[in-house]
Amino acid sequence: MNKHIAVDIGASSGRLVLGTLQEGKLSLEEIHRFSNGFTERDGSCFWDIDYLFDQIIVGLRQAKALGITECTLGIDTWAVDYVLLDAAGSRIKEVYAYRDRRTEGVMEEVAAILPPDTVYAKTGIQQLTFNTLYQLYAHDRKELAQADQILLVPDYLYYRLGGRKINEVTNASTTQLLNLQTGDFDSGLLSFLHLRREQFAPLTAPGESLGFVQESLVRQYDLPRCQLICAATHDTASAVLGVPVQKGRSAAYISSGTWSLLGVELDQPINDPKAMAANYTNEWGAYGTYRFLKNIMGLWLIQEVRRLVGERYSFAELARLAGEAEGFRSLIPCNAPRFLNPGNMIEEIRAACAESGQPVPETPGQLARCIFDSLALSYRSYLQELEELTGTAVEVLQIVGGGANNGLLCQLTADVAGREVLAGPTESTALGNLAVQLIHAGSVANIAEARAIIGNSFPMASYTPRPVPQLEELLDRWEALHHH
Ligand code: ADP
Ligand code: LRH
């Protein structure tokens, strides 16, 4: 089988991408793209999981129409969100979206019972209000007890397609329930949640075959014969697999989509008190690696502004307007919890600027500029922190994901962080997903070779740092904003 399809579903959009390896070059063909987002109903936020499953079927039908009769298939999505199944394998309830507000205050409530340093020593996972640990704690107790199986979103999509229940390990680590020592779910954390180990499936590593798409689906929808390969199902895990290696240069990455995930790949986790204080995470990667990184609020900020100003403004247009607006006029502390799901992002940004005595951004260009300036400054701060925690200086920053399309943000990042930025590939997540399939197929020896191929196949745009006028003053303003 030499046809490989990646299903990559982010919080804002999903796609099915066909990867072809020919003469040492990998090329991508987008078979199907669809939008994604959660909807708010009666005060709760849910994903439309059936719509997402249907879109996979639409994409596979499209693949068949393109003449693909046999392929392998890997799936990745965003992390932390879960699906409860009853004993018959049916979904118990809709799937909460991680921005749902039922976890507000829960992290603090749990911290009063479970010391956060114990949890961090065990799991190495950063404190985020939406970690599965907190979501499950906030979930209706009775309903949880009824759950025969708890799968994460991509696990569930594999199950719907192939019938096998797994908990894929890169994504499972984002539950904040895996123990770094034992390599399995932590029994103490499970009993804290009144859960049994059997309610989770066997932990499964990227690269395993999960059987074939069920015959009944193939016949009903006229699909290709697809072998399911366990991808690094956490989209960020796949994105980092898709980052081309920088030979001889010390590099950090930003996986830039709905979130900006800034970090490095390590062979060993760093779960010491300093890393905990800085709230860096150690998510499990494929092939025995860890992603030591920080979640930054990311392009969610501009996605929400765009939703409100109207989608007639494309992302490219908003970036263009931002480029025409005055730089560093108003700044926001992008990682403040107020921006996680404010309902009206424009009003929230304006309020934050007014409260800190800065000019209030009025136009779409001013709002976008405020976001991009603030993101670039936060990248600088977290990069410095990363260097201190890892004890390694970073020469070059590699930006992958949809955000690599945003030339203004890439240039601002280079300028403010004072490092070269290499941008691309924009589809690194699909590429990382495909890399695991290519390694499974034996077409590529290992991840180092896959990354070299990706580097040779997709040109990266380079941004050289330019001097920032009155940088010291700007950094003082940025600092003051965080003590406001
Ligand atoms: P996710 O996987 O989290 O859904 P993506 O990696 O697909 O996110 O990135 C989507 C983001 O990429 C958009 O929110 C947008 O900010 C940015 N983006 C995509 N295309 C462009 C473009 N042409 N110009 C500027 N930004 C873009
Ligand atoms: C990015 C991402 C990120 C998680 C968040 C839930 O899509 O998977 O790595 O922290 O979504």
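How many nonpolar, polar and charged residues does the shell around ligand 1 have? By class, that shell holds 6 nonpolar, 11 polar and no charged residues. Here Ala, Val, Leu, Ile, Met, Phe, Trp, Tyr, Cys and Pro count as nonpolar, Asp, Glu, Lys and Arg as charged, and the others, Gly among them, as polar. Keep in mind that this is a predicted model: local features need pLDDT of at least 70, side-chain atom pairs count only at pLDDT 80 or more, and totals for chains, interfaces and linings use all residues. Residues are numbered from 1 along each chain as its sequence is written, while chains are lettered from A and ligands numbered from 1 in the order in which they are written.

**Around ligand 1**

- The ligand is surrounded by 17 residues, the closest being G10, S12, G257, T258 and G402 (near means a C-beta atom, placed from the backbone, within 6 Å).

- The protein chain splits into domain 1 (4–235) and domain 2 (243–424 + 445–484), with bounds from an automatic or database domain assignment.
- Their centres, taken over C-alpha atoms, sit 25 Å apart.
- The contact takes 26 residues from domain 1 and 21 residues from domain 2 (C-beta atoms, placed from the backbone, within 7 Å).
- On the side of domain 1 that touches domain 2, strand 3 (25–35), helix 3 (116–123) and helix 7 (169–172) are the elements giving two or more residues; helices (H or I, at least four residues) and strands (E, at least two) are DSSP runs, numbered from the N terminus.
- That side of domain 1 has 11 nonpolar, 11 polar and 4 charged residues.

How values were computed: Two residues are in contact if their C-beta atoms, placed from the backbone, lie within 7 Å.
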